[in-house]
Amino acid sequence: LRTHEVLVMAQFPLGLAALNDMQATRSAIHAVYYRPLVPLTRMLQMELQDAGSFYWELKKPTLLIVECLSPTDRPIYDLSRGAWEFIQQEMSYAYEVTVAAADTVAAVAALVERQRPDILLISAHGAIGPAPNQRSIRIGNELYTGIEIPWLPPLVLLSVCATAPRGAGDINVADLMLRHHPHAVLCCMVPV
């Protein structure tokens with residue numbers, strides 16, 4: 001099969017659909033890229049701004065992994081910490097990796113401000129709130145909605161369930177994070 005890139009400007013998760021007589025989902029065959037369409041002004045802001053580019057080959061990119069899961073959340077916490085320690089050891093030749101823990105949104109913001117990483121990875125649980133149709137990230141006893149941290153690096157990875165659901169009209173973390181100028185936010189659309 002030839003692969004094609006598909007740009008989806010809709011709230012429907014087209015990449016999860018198996019169309020016609022296909023055995024696999026659309027995202028297994030094509031590279032599917034999503035652009036937020038709701039609200040429409042956000043879409044216009046994204047398309048009209050000069051995104052620039054990043055060339056990390058001249059330096060060792062910095063990766064900050066922030067663990068926001070509670071140590072009492074077994075076995076998920078143990079599995080998560082094991083994965084981050086493995087990444088720190090195995091990727092040290094190519095990335096400068098820092099693993100830190102935070103239990104408040106202010107602590108995450110302070111880590112990001114102090115480190116100024118090229119890549120940020122947040123590990124936490126997804127949550128609904130503060131509004132009934134709003135997705136957020138649970139950090140300790142607080143909810144991070146995507147707007148409380150004033151500066152974000154070019155690439156943000158979220159190891160968090162259902163932070164950018166499509167089709168339900170929810171306000172999601174990924175779209176709100178994009179307002180703080182990362183070039184990309186990679187996250188889950190569905191609960192894991």
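Two residues are in contact when heavy atoms lie within 4.5 Å. Leaving aside neighbours within four places in sequence, V66 is in contact with A100, A102, V108, L111, L120, L121, I122 and S123. The model is predicted: local features need pLDDT of at least 70, side-chain atom pairs count only at pLDDT 80 or more, and totals for chains, interfaces and linings use all residues. Residues are numbered from 1 along each chain as its sequence is written, and side-chain values use heavy atoms, with hydrogens and water left out.

Helices (H or I, at least four residues) and strands (E, at least two) are DSSP runs numbered from the N terminus, and two strands pair if DSSP finds at least two bridges between them. Strand β3 (residues 62-67) runs parallel to strand β4 (residues 96-101), and six bridges join them. In this pairing V66 stands opposite A100 of β4.

The loop between β3 and α3 contains P75. A cis peptide bond, with omega about -5 degrees, joins R74 to P75. R74 also forms a salt bridge with D78, where the closest N and O atoms are 2.2 Å apart. A salt bridge here is a side-chain nitrogen of Lys or Arg within 4 Å of a carboxyl oxygen of Asp or Glu. By this rule the count comes to three.

Another of these salt bridges joins the side chains of K59 and D118, at 2.5 Å from N to O. For accessibility, buried means under 20% relative accessible area, exposed over 50%, and partly exposed in between, with a 1.4 Å probe and protein chains only. K59 is partly exposed because its relative accessibility is 42%, whereas D118 counts as buried because its value is 10%.

The side chains of R116 and E113 also meet in a salt bridge, at 3.0 Å from N to O. R116 lies in the loop between α4 and β5 (119-123). Its phi is near 45 degrees, a positive value in a residue other than glycine. R116 is partly exposed at 38% relative accessibility, and E113 is partly exposed at 42%.

A further part of the model is an open sheet of three strands in the order β6-β7-β8, with antiparallel pairing. β6 (125-128) and β8 (142-144) stand at the edges with a single partner strand each, so one side of each has no neighbour in the sheet. Direction ignored, neighbouring strands of this sheet are turned by 50 degrees against each other on average. Strand β7 (residues 135-139) pairs with β8 over three bridges, and I139 stands opposite E142 of β8. Helix α4 (residues 105-115) packs on the sheet, touching β7 and β8, and its direction makes about 45 degrees with that of β8. Such angles run from 0 to 180 degrees between N-to-C directions, with axes fitted to C-alpha atoms, for helices over the stretch in contact.

The loop between β6 and β7 holds P130, and a cis peptide bond with omega about 5 degrees joins G129 to P130. Q134 is found in the loop between β6 and β7. Q134 is buried at 11% relative accessible area. Its contacts, leaving aside neighbours within four places in sequence, are A127, I128, G129, T145, I171 and L176.

What holds the most contacts inside the largest nonpolar core? A nonpolar core is a set of buried Ala, Val, Leu, Ile, Met, Phe, Trp, Tyr and Cys residues joined through side-chain atoms within 4.5 Å. The largest has 27 residues, and those with the most contacts inside it are V66, V108, I122, I137, Y144, L158 and M177. β3, α4, β5, β7, β9 and α5 each supply at least two residues of this core, with α4 giving the most, five residues. Apart from this core lies another of six residues, among them L63, I65, I119 and L121.
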